Amino acid sequence: TAKVGKTSLIMSLVGEEFPEEVPLRAEEITIPADVTPERVPTHIVDYSEAEQTDEQLFQEISKANVICIVYAVNNKKSIEKVTSHWIPLISERIDKDNRVPLILVGNKSDLVEHSSMETILPIMNQYSEIETCVECSAKNLKNISELFYYAQKAVLHPTGPLYCPEEKEVRPLPHSSFFFFFLKTCFNTPLAPQALEDVKNVVRRNMADGVQDNGLTLKGFLFLHTLFIQRGRHETTWTVLRRFGYDDDLELTQEYLFPPLKIPPDCTTELNHNAYLFLQSVFDKHDKDRDCALSPEELKDLFRVFPYMPWGPDVNNTVCTNEQGWITYQGYLSQWTLTTYLDVQRCLEYLGYLGYSIIAEQESQAAAITVTRNKRIDLQKKQTQRSVFRCSVFGAKGSGKSGFLQGFLGRNITRQKNIREDHKSYYAISTTYVYGQEKYLLLHEVLPDPDFLSEGDLSCDAVCLVYDISNPRSFEYCARVYKQYFLDSRTPCLVVGAKADLPEVRQQYSLSPLDFCRKHKLHAPQLFTCNTADAPSRDIYTKLTTMAMYPHARLHCMCACNRCTFCICQNLLNSELLRSVKAKLYTALLRLRPYMDELGAFLLAAEDASLIQQVHDVSHVEESIYMESSVDSYAHVTQTDLKNSTFWLRASVGATVFAVFGFAVYKALLKQR
């Protein structure tokens with residue numbers, strides 16, 4: 001409004017004295033950041049009805065971050081014009097989603113002895129976009145610097161998103177558990193013990209349930225921030241919110257939710273040990289009945305800090321559940337592992353909602369992720385440190401792929417019949433044990449279309465080819481997929497004959513499944529069925545995990561436990577070291593063969609001479625004493641001594657062979673070092 005002192009306020013701020021001559025409009029000025037309390041530059045634009053058009057005014061309004069509406073405290077018409085003209089005009093020109101705070105400025109307070117606040121307070125309560133009201137005097141320089149300080153605060157620490165003036169309380173803030181870390185985390189230092197006790201006493205006096213177990217409850221915490229806002233300390237609340245990643249609209253920023261994480265090609269992502277400990281603590285907090293499973297209510301309570309429910313009904317058919325269909329502790333961790341492996345950005349977002357970086361005192365959620373080594377390096381070194389292995393399950397329609405996945409989760413065919421079609425999952429993940437180490441196996445059911453397989457379907461650690469033994473056309477699909485995509489691949493493959501409880505029929509293919517596996521040097525087909533009284537056997541899943549861990553090894557053990565003596569010996573016998581030892585031993589034996597032949601001939605000749613002499617002596621004695629039994633005694637003595645002599649011959653040869661074997665092993669070990 002004209003003649004209220006807008007230009008005088010700007011010139012008094014810049015010149016630090018009241019100007020004798022005031023132009024119609026002040027030039028645009030910028031206050032440097034180093035002279036403002038908030039350390040941000042401030043650009044001030046004046047407006048004059050006499051010099052500028054309405055179009056220019058509208059352009060300036062659209063560019064403004066904060067607008068000061070000036071009125072004269074001694075002019076009632078200027079006060080009335082605030083609500084009748086300026087606020088409606090500004091509201092029409094500003095997008096509703098782009099809120100611009102307003103500051104009411106009562107100038108010329110030096111001309112009256114009363115305050116205009118009684119008239120202004122109803123206006124402030126009526127319009128939520130009004131941040132505050134400041135009475136000042138350009139002539140006496142009263143509250144001039146405070147005016148522009150409050151204008152900065154209105155942009156940096158707005159009241160509107162935080163406080164409801166009608167209810168006189170804080171608006172619903174994000175209810176994240178990490179707010180209780182705000183004193184130390186946000187301000188880099190905890191309160192002194194006495195100061196902290198004073199804060200709790202203030203809360204106790206004003207709210208009965210604000211303090212519990214010598215700590216602030218959520219209600220007490222919100223009351224404390226209500227007090228900050230009512231006393232004009234908005235910056236305290238905003239410091240807390242921004243430290244935890246919230247923007248001016250109380251939404252978590254993209255920078256907080258999706259921190260940078262570099263993932264090289266052919267590498268995978270897994271949760272590390274600290275992340276699993278954090279997720280375990282979250283589970284324990286919400287498992288109220290301590291049954292090691294999350295009921296629908298407990299799961300909803302866990303995810304109430306999320307803007308949406310992240311897990312759908314298909315999750316219950318992806319991980320292990322109890323008899324009631326509730327996600328178990330193992331299933332809970334498995335689902336987090338699955339999300340990390342398939343969509344690490346989504347996992348970072350979820351951890352951000354749970355406040356991982358704050359509670360775990362990490363720079364960002366990226367600290368929870370381990371990026372594994374390139375798979376090609378694992379193959380070269382013939383060892384891996386990965387904990388999650390992906391197995392793609394191929395098979396014709398109706399071959400039993402879905403049943404194979406659900407069997408991995410311990411569900412027989414009776415439990416599988418209760419799964420709704422719209423809740424079906426194409427993934428199944430759980431843990432297996434390989435040589436005493438816990439590993440995650442991720443099964444992925446690939447849709448039966450061999451001509452349009454994606455790169456994700458083929459980039460797996462192991463392949464499972466499932467066919468129905470009771471369907472004569474089922475195996476043909478498996479053979480086609482193998483020959484088209486995995487014939488020359490280094491990915492280990494396992495053929496599984498599903499529905500093994502049904503009668504087996506001859507497959508209409510040029511080779512039987514067994515002959516096909518022999519031709520391509522694959523393991524013999526493994527039979528599997530879900531039609532069991534209890535949970536299906538897990539041996540085949542352990543075998544798949546072992547094959548994924550050791551793709552370079554040729555494991556021939558069919559029991560698949562990998563813990564029994566036979567399995568360990570079989571794997572040892574097929575190891576590279578033992579093959580090298582056998583080759584060295586064979587070479588040494590070939591070189592020693594002429595000497596061994598001469599030694600054997602000499603030993604046999606000496607033994608034969610000794611035996612003949614012993615037989616003659618015994619015969620002579622027997623003829624003189626027991627003539628009638630000479631033949632039987634002769635045979636008995638001859639066989640006994642012959643056995644003893646043969647034993648010593650074998651023992652001497654065995655000792656020689658053992659010595660040569662030990663020497664070959666010693667040389668092979670030296671070469672390995």
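**Notebook: a predicted chain**

I started with tyrosine 350, which counts as buried at 4% relative accessibility. In these notes buried means under 20% relative accessible area, exposed means over 50% and partly exposed is in between (1.4 Å probe, protein chains only).

A note on the ground rules. This is a predicted model, where local features need pLDDT of at least 70 and side-chain atom pairs count only at pLDDT 80 or more, while totals for chains, interfaces and linings use all residues. Residues are numbered from 1 along each chain as its sequence is written, and side-chain values use heavy atoms, with hydrogens and water left out.

**Entry 1: the whole chain**

I looked up the overall make-up and found 25 helices and 19 strands in the chain. Helices (H or I, at least four residues) and strands (E, at least two) are DSSP runs, numbered from the N terminus. Of the 673 residues, 42% are buried. I also checked contacts, meaning heavy atoms within 4.5 Å. Among those between residues at least 6 apart in sequence, 68% join residues at least 24 apart.

How many aromatic pairs does the chain have? I got 25. Rings of Phe, Tyr and Trp (its six-membered ring) pair if their centres lie within 6.5 Å; planes under 30 degrees apart are stacked, over 60 edge-to-face and the rest tilted. Tryptophan 336 and tyrosine 350 are edge-to-face, because their ring centres are 6.1 Å apart and their planes stand at 90°. Tryptophan 336 belongs to helix H13 (residues 329–342) and tyrosine 350 to helix H14 (residues 344–353), so this pair ties together parts 14 residues apart in sequence. I checked tryptophan 336 as well, and it is buried, with a relative accessible area of 0%.

Next I followed proline 310, in the loop between helix H12 (296–302) and strand E12 (327–328). Proline 310 counts as buried at 15% relative accessibility. What does proline 310 touch, leaving aside its neighbours within four places in sequence? Its contacts are Phe303 and Tyr350.

The UniProt annotation "domain: EF-hand", from an unreviewed entry, covers residues 274–309. UniProt positions follow the numbering used here, feature names are shortened, and annotations may be inferred rather than shown by experiment. In the model that stretch is 56% helix and 6% strand, and its end C-alpha atoms are 24 Å apart.

**Entry 2: helix H4**

I turned to H4 (residues 117–126), where Ile120, Ile123 and Met124 are buried. They cover an arc of only 100° around the axis, which puts them on the same side of H4; the arc is that of the directions from the helix axis to the C-beta atoms. The buried residues pack against strand E3 (67–72), helix H3 (76–93), strand E4 (102–107) and strand E5 (130–135). On the face turned away from them I found the exposed residues Glu118 and Gln126.

**Entry 3: an open sheet**

I traced an open sheet of six strands in the order E15-E16-E14-E17-E18-E19, with mixed pairing. E15 and strand E19 (526–527) are at the edges with a single partner strand each, so one side of each has no neighbour in the sheet. Two strands pair if DSSP finds at least two bridges between them.

Is E17 enclosed or open to the outside? Seven of its seven residues are buried, so E17 is largely enclosed by the rest of the structure. In a regular strand the side chains alternate between the two faces of the sheet. In E17, Ala462, Cys464, Val466 and Asp468 point one way, and Val463, Leu465 and Tyr467 the other.

Strand E14 (residues 388–395) pairs with E17 (residues 462–468) in the parallel sense over five bridges. Valine 393 stands opposite cysteine 464, and phenylalanine 394 has leucine 465 as its bridge partner. E17 also pairs with strand E18 (residues 493–498), in the parallel sense over six bridges. There, valine 463 has cysteine 493 as its bridge partner.

Tyrosine 435 has a positive phi of about 55° although it is not a glycine. I found tyrosine 435 in the loop between strand E15 (427–434) and strand E16 (437–445). Tyrosine 435 is partly exposed, at 31% relative accessible area.
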